[in-house]
Amino acid sequence: LHDQVTGISFSEIETILHNHFGAPLHEVFASFEETPLAAASIAQVHRARLKDGTSVVVKVQRPGIERSIQDDIQILRGLAELADRYIPEIRLYNPVGIIDEFGRSMEQETNFIIEANNVRRFAHNFANHSDIKVPKVFTEYTGRRVLVLEALEGIPLSQSSALKQE
């Protein structure tokens, strides 16, 4: 299980995106920032600008992350099976079932088409709320391992000033 990650090299990102789009980055984007905006265990995000000038963020899945997650889930499942077998009191909590459900959730988490659909559904549900802004999904650029969203400017929730009412 991974809780501390370093960014993927730009050359790897470039290769992933070239394979995804079937073209070099300069043919798809007017500009693409090499330094990631954020890096996490499943993916990292870069700022870019589409050919029409639209500012976007591009979420790119880490190479090999699905295999890594499957390996981690198998380890957890093995531990859950051992706990189920040797600790009768734990059977009530169905540890194997919990790990299986977690595995299904992780499969969905690594499919950016599902994430794109969830963002679009959320936008639809809050379309009549002017105080809620949901980024547009650029479906023509999005796939299982790449998600392209409208870039929104704002204050990150990690900054205390983001939640202060003025």
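Predicted model: local features only at pLDDT ≥ 70, side-chain atom pairs only at ≥ 80, totals over all residues.
Residue numbers start from 1 along each chain as its sequence is written. Local features need pLDDT of at least 70, side-chain atom pairs count only at pLDDT 80 or more, totals for chains, interfaces and linings use all residues, and side-chain values use heavy atoms, with hydrogens and water left out.

Let's start with the helices (DSSP runs of H or I, at least four residues, numbered from the N terminus). Helix α3 covers residues 65–86 and helix α4 covers residues 95–109; their axes come within 8 Å and cross at roughly 170°. That makes α3 roughly antiparallel to α4, a label for angles over 145 degrees. The axes are lines fitted to C-alpha atoms over the stretch in contact, and angles run from 0 to 180 degrees between N-to-C directions.

Who touches whom? On the α3 side, the contact includes Ile69, Ile73 and Leu76, and on the α4 side, Val96, Ile99 and Phe102 are among those met. Contact here means heavy atoms within 4.5 Å. The residues of this contact divide into nine nonpolar, one polar and four charged.

Now for the pockets (open sets of points on a 1 Å grid where a 1.4 Å probe fits, with protein on both sides within 12 Å along at least five of seven lines; lining residues have an atom within 4 Å of a point).

| Pocket | Volume | Lining |
|---|---|---|
| Largest | about 330 Å³ | 14 residues |

Leu37, Val57, Leu152, Glu153 and Gly154 lie nearest the centre of the largest pocket. Its lining has ten nonpolar, one polar and three charged residues.

Terms used: Helix = DSSP H or I, 4+ residues; strand = E, 2+ residues; numbered from the N terminus. Parallel < 35°, antiparallel > 145°, perpendicular 65-115°, else oblique. Nonpolar A, V, L, I, M, F, W, Y, C, P; charged D, E, K, R; others polar. Points joined across faces, edges and corners; volume = space filled by probe spheres on them.
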